[in-house]
4 protein chains.
Amino acid sequence: MVKAAILGATGYAGAELVRLLSGHGDVELVYPASHSYAGKKFSDIYPGMRGVADMVLREDDIEKAAEEADVIFLALPAGLASAMVTGDILRKAVVIDIGADYRLHDRAVYEKWYKTEHHSPELLAYAVYGLPEIHRDRIPGSRLIANPGCYTTCSILTLYPLLKNRLVETSGIIIDAKSGTSGSGRGEKLGSLFCEVNESIKPYGLVSHRHTPEIEQELSEAAGEDIALQFTPHLVPMNRGILATCYARLRSGVTESDVRDAYSMYASEPFIRLIDTPPETRFVKGTNTVDISFRIDGRTGNIIAMGAIDNLVKGAAGQAVQNMNIVFGLEETEGLAAGAGMPF
Amino acid sequence: MVKAAILGATGYAGAELVRLLSGHGDVELVYPASHSYAGKKFSDIYPGMRGVADMVLREDDIEKAAEEADVIFLALPAGLASAMVTGDILRKAVVIDIGADYRLHDRAVYEKWYKTEHHSPELLAYAVYGLPEIHRDRIPGSRLIANPGCYTTCSILTLYPLLKNRLVETSGIIIDAKSGTSGSGRGEKLGSLFCEVNESIKPYGLVSHRHTPEIEQELSEAAGEDIALQFTPHLVPMNRGILATCYARLRSGVTESDVRDAYSMYASEPFIRLIDTPPETRFVKGTNTVDISFRIDGRTGNIIAMGAIDNLVKGAAGQAVQNMNIVFGLEETEGLAAGAGMPF
Amino acid sequence: MVKAAILGATGYAGAELVRLLSGHGDVELVYPASHSYAGKKFSDIYPGMRGVADMVLREDDIEKAAEEADVIFLALPAGLASAMVTGDILRKAVVIDIGADYRLHDRAVYEKWYKTEHHSPELLAYAVYGLPEIHRDRIPGSRLIANPGCYTTCSILTLYPLLKNRLVETSGIIIDAKSGTSGSGRGEKLGSLFCEVNESIKPYGLVSHRHTPEIEQELSEAAGEDIALQFTPHLVPMNRGILATCYARLRSGVTESDVRDAYSMYASEPFIRLIDTPPETRFVKGTNTVDISFRIDGRTGNIIAMGAIDNLVKGAAGQAVQNMNIVFGLEETEGLAAGAGMPF
Amino acid sequence: MVKAAILGATGYAGAELVRLLSGHGDVELVYPASHSYAGKKFSDIYPGMRGVADMVLREDDIEKAAEEADVIFLALPAGLASAMVTGDILRKAVVIDIGADYRLHDRAVYEKWYKTEHHSPELLAYAVYGLPEIHRDRIPGSRLIANPGCYTTCSILTLYPLLKNRLVETSGIIIDAKSGTSGSGRGEKLGSLFCEVNESIKPYGLVSHRHTPEIEQELSEAAGEDIALQFTPHLVPMNRGILATCYARLRSGVTESDVRDAYSMYASEPFIRLIDTPPETRFVKGTNTVDISFRIDGRTGNIIAMGAIDNLVKGAAGQAVQNMNIVFGLEETEGLAAGAGMPF
């Protein structure tokens, strides 16, 4: 039985992790913590979990968590994790950071895009970017896993086979992404009010969204050259889901068959479905699944590659469980729902 | 391993049943059937289930289903089940009818409210009204289970302890109920279009909704006298969920403590949570849970009893699984999720 | 040209008033004010009004407003208006209070339900309850108008003809009301976040909602006796709209024709539509219209009377404009849209 | 007083036109017609318009319409208009076709993308593409106006200044567009059901959407060369609104100031607002306004130009009114609301 801690258990990603772990047969959540709600029962904050997760929330104290747990999940705002994690902590427990602090290999890139100091840059070299479908072999044995971002998971998995196999031009790539509102978190912000979000759609974070360098880092590694791409997120009036509509120019001579071959790298992935129709976020809601499809336009020479995930599952808590399963030698799919109900 | 059939597997209730059974450890779905989509893969109709429920849909043929399955779930429009089920079928398989055909003990009441003929009235006496929290002892050994309606499950469970214990006047009871739109089914009707439902709320089925006699039947049995009550459903712009706000006049001398004692009959029910705050449908979404609370108004002498369920789970497919579990001696909670994620 | 001031112009009700006045041919908005945003342009806060309402917001200073304006609209939290309005202000300008401070004739009732002190109880006797369909004759010449609440406008207008004509029992009345989320205001509260409201419905304010005594005051006056009724509001995942489903017991011998006669008091009302089908909030969205219908249930002896309004228009800003039109001798419908677009 | 007819008055676009004309001071709607609902009152189909538009619907008979009206609006499925309009009709009345039949100059392009025959190709040369901000000078005196499509209006107006002024490369242009569900019409289709649209987003019409050639036609004319671009629409769970997020590569040496100068062509347009923040569809809801902004990304060399409209107003009925106003010498803004309320 793996003993788990969660720091930041009452944000949307942390709470989803509590939900997933409560149904995981091989994990016991021994240290659920929340800075805002320490001392209260988890189910007082999330009444949907009454009777299932009634444990009292602890303080966000990583030292204590490391004493009691084998794995510590961090679901904290940017900058907090890098100030908490130390070599000593990592000797005691595996850390899976759902936040952004260890995702970018280059401290300078992190500090530029996040506009905050990185407090443990010496650990960056030890962190593994926990996108199992791309880096599965690096995960076992790792003590510090940077769980990818929501937009980034969706975007990277959708475009990776094209870049890895040099099927598209590396310049001119455009990712037009759409997210449900849970991606904005549970903070009491004007822009997150029902009446400000409902019945509207808007772009935001233009040319400056923090997930941009993370996507570029991974796709550059795939392509073997530096890539600068355009990433534009949009806010959609729905609770969950990310859709990435990605545009790239096919290299000369590339056929649909070449593209299909490239995507076949995912053929035996338990959480990726290659489909023939455009993905819809409802079909992955509540699951760790990524739906991917593509369409080539002979008229324009473009390929449109599309991916959909649940931002709180494959884009956060679910992928964290997937990473944990791999690290601890459990079945990779354990604790992660397979099919999406409808309507949900 | 219980072998199951579903006739009507591609309506919303039937599809939810496919989803639940696909995660049930002791059941194999051997005969999924759909009149409209026979010959197609289930996951072509519900792409969220690709990779999980790819079996080909069969014809809605109860004879064939009875040959292959131990239990047949019927998720069909009113009137179809009563023309299909026979004593011979029931000798071969247990039938759990998610529809309305066997819920009302009195054929005349059925034909009056449903305005259709009942084709097998001789079976009514054998049917058990499958509301486990009220009639659990009648379910084992039953061959024909009438799975309660969505509004009715919510309304009956909310009011039952008050009537059983004679805490409220039996006249003047009002149930103001609200339902998500999946309750209207998957038919291509103008009134179910997104643009006709979204951003609005409306009452419907005034003084004539078919769930009225079903609620009255069960509450009359509880009270030991005939009850006529007011039931008014409303359509809410959300996918799932039923909320029943029930009003009754407390009998003279009844105290809050008496009421609390009455509801304690549910204290060890696995799917009922007695809570102190008003229920919200989001806290039971996707689960088989019923959240119930009440409030007494000293000013008016009324009690307001409130219940919330997921109409497709406890109000249909989940309760059907619960009934099946009881009939076949399985753990009653098997295959039924416990906690509700948030936001979902 | 009537010169108008609005204090609290950037809440949802205040902003709706800015929108309505910007299309009103006989009014000039000379003093739009906002405590939170003074010094900014209105259209910076509400970008939908760019090019239409770009004026700079002033301080919430009623003295200055009274110097410049003929009418002052107050759209402020409870308790603020009663501390601002004085006899001197009323000599200079007509005050239309969209808030609650002058609605209840009895200071003690106000202080009990609102749990705050009333700062100008001496003005209560001068205030007119501005529900034109009931008290139109009291409005001309008034200097202080208490604009009714949203739930109350809908509930009172729906039930008034029944009580005025003694068609229903005065005990046992139940109002089960449903509101869109704009009724919760623009405050940055957890419970108003998109992800906390969307895909759910809940009751709130049980047995204690502040609109209760206001409804009781007006219906008691209509009935000629003290009425205590049950009022239960619910939060609906939509921007706008209030639906009141009202239940009462018909007095013995009352016929449908009697009821129809009673409602015919509204026959020539410009903003009331008596309809044959249950009202839906979408059909009054954006308008000052009240849709009312009723249904008698011979089985139970109840009448179900239903009304729908737009909470920000007839429930707040629109009714305020209607009151202003009457006070200043303008066409009562001026500046108020007639028909509701669909879908909206 | 201009006398108007509408054929197809009960679709969403036609009904919006009824709403707009009912508030237009210089127009009388003398011939509202509907194939499906002829003989019924308009307000029976759209109860929000009770008391405002109670006229009885006529047959979709263009001959009769031309006898009675000065202007005939056609809001019909593709292919119907081209079979109805004749030179004789045009001699009697101005025709404003909200549908697609006269938008494309080249019959072959029409028949290829619409997969239907064009029945009056000889009239194509007489039709004016009614996008006033681009072709205002062609509209007065015209007898046949092709009202632009919803996606196209938004896309063309957003990109036009860039192409007209040769500020961007003409290859590699990408339009990622998002639409509310009213764009799918009022047909009873599975894909338009609330439960199939709500809580999800999806791309559709990939590489084949019929608005593509219309956008290309207009932008090619602006650029003076043939343009093939990528247009991808998405369905958003909201009633109204279109957002076009457009990507193009800035030509070498082009500065932000050049771009700003180009967009200044719209400076005195009554319905275009050039704004500094990304547009949101809620800010134009219910209005004829187009909100446009842009952002240059120095890192990638791209410009992101964004536009938002209400698909039923500027994208259909509102623009039709605008065209009518111009043809008949009325004030161009007459009958068209200026500011958007919030929340709506």
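Before opening the sheet, I noted that two strands pair if DSSP finds at least two bridges between them. Helices (H or I, at least four residues) and strands (E, at least two) are DSSP runs, numbered from the N terminus.

My reminder on the source: this is a predicted model, where local features need pLDDT of at least 70, side-chain atom pairs count only at pLDDT 80 or more, and totals for chains, interfaces and linings use all residues. Residues are numbered from 1 along each chain as its sequence is written, while chains are lettered from A and ligands numbered from 1 in the order in which they are written.

**Entry 1: the sheet in chain C**

I found an open sheet of seven strands with mixed pairing, in the order E8-E9-E7-E10-E13-E12-E11. E8 (202-203) and E11 (272-274) of chain C are the edge strands; each has a single partner, so one side of each lacks a neighbour in the sheet. Next I followed E7 (residues 174-179) and E10 (residues 242-249) of chain C, which pair antiparallel over six bridges. In that pair, C:Ser179 sits opposite C:Ile242.

**Entry 2: two helices in chain B**

At what angle do H1 and H12 of chain B pack? I read about 45° for H1 (residues 12-22) and H12 (residues 313-327), with axes 9 Å apart; axes are lines fitted to C-alpha atoms, for helices over the stretch in contact, and angles run from 0 to 180 degrees between N-to-C directions. H1(B) and H12(B) are therefore oblique (under 35 degrees is roughly parallel, over 145 roughly antiparallel, 65 to 115 roughly perpendicular, the rest oblique).
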